[in-house]
Amino acid sequence: MLFGTLVFAGVMEGRRALVNSIARERIEILFGLAERNASSEPGLALSYITIIEKMRSHYKIGLPLRIKNRICKGCSTVLMPGLNCTAKVASSKGYVIYKCKRCGAERHLRYKNMKSTQK
Ligand SMILES: [Zn+2]
């Protein structure tokens, strides 16, 4: 009985890993589409980001930093420097500031290693 339960738990864990990997792949595809449509159809790009947010919360998976850093915290717009956000380098602090032109929310993208700043 215990062995059967362990096998079942292992199968379910494998299934969850498969489902999560498919969800991550779909999130990558949706983000690519959102990036492509950000300038021509911002409403469509926003709906792709809404789907990404729903998938992230449904499957309880984290977004890759590459994608997470490109989505505005305030209005869920795809941040594209020069198009809908400004990029400013704060070299003394070691990060780049993306400021959304739509809602004004800022995102700080660290480019310096944490260990090198703790000297
Ligand atoms: Zn925004």
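The model is predicted: local features need pLDDT of at least 70, side-chain atom pairs count only at pLDDT 80 or more, and totals for chains, interfaces and linings use all residues. Residues are numbered from 1 along each chain as its sequence is written.

**Confidence**

- The protein chain averages a pLDDT of 90, and 93% of the residues score at least 70; pLDDT is the predictor's confidence in each residue, from 0 to 100.
- Confidence is highest in H2, at a mean of 96, and lowest in helix H4 (residues 114-117), at 54.
- Where pLDDT is low, the predicted coordinates should not be read in detail.
- The element names follow DSSP runs, numbered from the N terminus: helices (H or I) have at least four residues and strands (E) at least two.

- Nine residues from domain 1 and six residues from domain 2 make up the contact, where two residues are in contact if their C-beta atoms, placed from the backbone, lie within 7 Å.
- On the side of domain 1 that touches domain 2, H1 and H2 each supply at least two residues.
- H2 gives the most to that side of domain 1, with five residues.

**Nonpolar core**

- The largest nonpolar core has 15 residues, and those with the most contacts inside it are Ala 34, Ala 45, Ile 49, Val 78 and Leu 79.
- Such a core is a set of buried Ala, Val, Leu, Ile, Met, Phe, Trp, Tyr and Cys residues joined through C-beta atoms within 7 Å.
- A residue is buried if 20 or more other C-beta atoms lie within 10 Å of its own, exposed if 12 or fewer, and partly exposed in between, with C-beta atoms placed from the backbone.
- At least two residues of this core come from each of helix H1 (2-37), helix H2 (42-59) and strand E2 (95-100).
- With four residues, H2 gives the most to this core.
- Leaving out residues up to four places away in sequence, Ala 45 touches Ala 34, Asn 37, Ala 38 and Val 78.

**Sheet**

- Three strands form an open sheet in the order E1-E2-E3, with antiparallel pairing; two strands pair if DSSP finds at least two bridges between them.
- Strand E1 (85-90) and strand E3 (106-110) are the edge strands, each pairing on one side only.
- E1 and E2 pair over six bridges, and E2 and E3 pair over five bridges.
- Tyr 98 is the bridge partner of Ala 87 and also stands opposite Arg 107 in E3.
- The hairpin of E1 and E2 has four residues between the strands, and Gly 94 in the turn has a positive phi of about 80°.
- The hairpin of E2 and E3 has five residues between the strands, and Gly 104 takes a positive phi near 85°.

**Gly 10**

- Gly 10 lies in helix H1.
- Gly 10 is exposed, with 10 other C-beta atoms within 10 Å.
- From C-alpha to C-alpha, Gly 10 and Lys 68 are 31 Å apart in space, and they are 58 residues apart in sequence.
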